[in-house]
Amino acid sequence: MIRVSGLRKSFGKIRAVDGINFEVERGTVFALLGPNGAGKTTAISMLEGLLQRDSGNIEILGMDPWAEHGTVRMRIGVMPQGFNFFEKLTPLDSLVFYRDLFESSVDPESLLRLVILDDSRNVPFEKLSGGQKQKLGLALSLVNDPEILFLDEPTTGLDPSARRAIWSIIRMFRDRGKTIILTTHYMEEAEQLADNIAIISHGRIIAEGSPEGIVSRYGSGRKVVIKAGKEMGDFLSSERIEASVNGKYFEIRLDPETNLSSLIGLIEDSGISYSQLTVRADSLEDVFIRLVGEMSEGELK
Amino acid sequence: MMRRTMAYFRVQVKTYMAERSAIFVSLIFPVMMVFIFGSIMPSEYLTGVIPGLIGFSILTDSLFAVTAVASKYRLMHIFNQLSLTPLRRSEWLFSVFLWHVIIGAASFAIIVGIGYFAFSANITLHLLIIPFIAFGALLFVSMGLLIGTVAKSSESAGIIGNAVGFPMMVLTGTFFPVSFLPWYLQQAVKVLPLYYFVQGMGDVMVTGDFNEGLLYLGVLIALAAGFFLAGTYLFRWREK
């Protein structure tokens with residue numbers, strides 16, 4: 001359905017996208033996950049046919065989105081980052097305008113209800129809140145009943161209930177056999193929605209796979225996390241237990257040979273007080289921060 | 001094609017109706033100008049400046065509005081958004097042109113109507129007025145498109161638009177005849193596109209010199225074609 005290989009784009013001396021490759025299958029949600037400035041929007045803009053690539057190949061529904069933009073645009077929906085539209089137009093006017101352009105039979109009112117914007121149907125765009133503008137962007141991207149939906153940071157700046165409303169629309173769209181490409185820097189969003197993820201940093205994909213697959217491949221297994229004062233750090237050092245410090249949190253990675261009950265017993269016996277002790281596995285966020293951090297350090301070196 | 005052109009035309013109508021300043025500039029301001037000139041000057045003077053007031057209206061409606069729209073929509077990525085719909089660049093342009101021709105024709109009707117009925121202006125109506133209004137609108141829509149496309153920001157687009165527009169608004173015979181200007185300025189204003197509109201319309205509507213009017217119309221068409229080609233060559237839906 002979507003094939004990307006060797007994709008590159010530079011702006012002057014800055015390599016925004018530096019040779020990325022991935023494939024997306026029909027009926028799945030694919031997330032490009034990365035920090036701000038990683039190249040996500042540049043990459044997705046080239047996939048949408050809005051930005052010309054320097055080199056590499058993109059196949060969307062078997063077509064080149066730049067050269068065959070006229071055909072591709074009829075079969076995709078796009079919700080850009082920080083969606084903007086005609087300031088004086090209301091959501092209802094905007095949807096009627098798109099319906100006329102696409103010669104679609106969609107009912108604008110039903111789309112407004114779907115994105116929970118029906119109460120603001122007659123409010124000019126300039127008076128809508130950020131979340132309402134994003135919802136209108138999503139509604140407009142659905143007017144032509146697209147086969148592929150591109151969502152560039154769809155929930156940035158939204159409150160939790162608006163975010164969940166958009167998530168449920170994405171899931172519903174996927175359940176109808178449609179394909180979704182989204183960019184995000186929210187781990188929870190990627191974990192909740194994506195079948196597959198590509199972590200992108202400095203224009204390169206540094207990890208790819210299912211959320212669980214990425215955690216099991218790049219994560220470092222279980223760890224004990226203790227919230228305590230400085231004396232806990234001194235104690236762990238004296239016992240030659242390697243721990244990383246993050247503010248008041250001490251993290252001890254558990255390798256297969258470590259006996260968890262002995263370790264906890266040792267901490268209990270020390271008599272040093274702590275306010276929290278948890279045992280948990282690496283999350284996607286842990287893996288993301290480590291991978292992106294390693295990439296940044298490598299770039300600095 | 002017409003369905004999509006008219007869909008965007010309706011967007012322009014809704015935007016215009018919601019924008020009080022646009023209504024003021026395009027319709028109320030010309031009325032005020034005719035009343036002011038009609039009240040303080042003899043009707044012969046008003047007759048002489050009516051082509052200039054029409055030119056002034058078409059310039060402000062088309063040049064300033066399209067400069068603002070072209071830069072703002074580009075910077076707000078609305079053109080990107082439109083490029084993802086079936087609306088073509090040419091359809092958008094035609095719709096914008098059509099809208100400004102209609103606004104130009106409405107300004108013309110208001111200025112001429114008030115001048116004739118309220119202040120007895122001695123004006124000749126002739127079919128040649130139609131191409132003057134159409135190519136005048138095309139010229140200033142194209143200039144606005146060009147400025148809005150090349151300017152890096154909305155602020156710089158506004159500054160360039162004003163720098164280009166104001167000399168034309170004042171010096172080309174809009175409020176007083178060009179013959180009032182010193183000799184060197186009379187020569188200098190010939191580089192300003194509005195000059196050919198105002199002088200040509202004056203020939204057709206006031207002096208009845210149709211031969212000279214056709215010559216000015218020819219220059220106006222050539223200028224409109226040149227700016228249209230330059231504007232559309234540089235104007236992009238999508239980025240490279």
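Which pattern does chain B follow when read along the sequence? The run is α-α-α-α-α-α-α-α-α-α, and the tally for chain B is ten helices and zero strands (DSSP runs numbered from the N terminus, with H or I and at least four residues for helices, E and at least two for strands). The model is predicted, with local features needing pLDDT of at least 70 and side-chain atom pairs pLDDT 80 or more, while totals for chains, interfaces and linings use all residues. Residues are numbered from 1 along each chain as its sequence is written, with chains lettered from A and ligands numbered from 1 in the order written.

On overall shape, a compact globule of 240 residues would have a radius of gyration near 18 Å, and chain B agrees at 18 Å (taken over C-alpha atoms; the rule is 2.2 Å times the number of residues to the power 0.38). Along the principal axes, the C-alpha atoms of chain B fill a box of roughly 55 × 35 × 30 Å. Buried residues come to 45% of the 240 in chain B (buried is 20 or more other C-beta atoms within 10 Å, exposed is 12 or fewer, partly exposed is in between, with C-beta atoms placed from the backbone).

Now for the interface. Chain B puts 21 residues in contact with 19 residues of chain A (C-beta atoms, placed from the backbone, within 7 Å). Helix 1 and helix 4 (78–83) of chain B each give two or more residues to that side, and the largest share, seven residues, comes from helix 1.

K14(B) sits in helix 1 (residues 2–18). Leaving aside neighbours within four places in sequence, K14(B) is in contact with K88(A), L89(A) and D93(A). K14(B) counts as partly exposed because it has 17 C-beta neighbours inside 10 Å.

Note on methods
Two residues are in contact if their C-beta atoms, placed from the backbone, lie within 7 Å.
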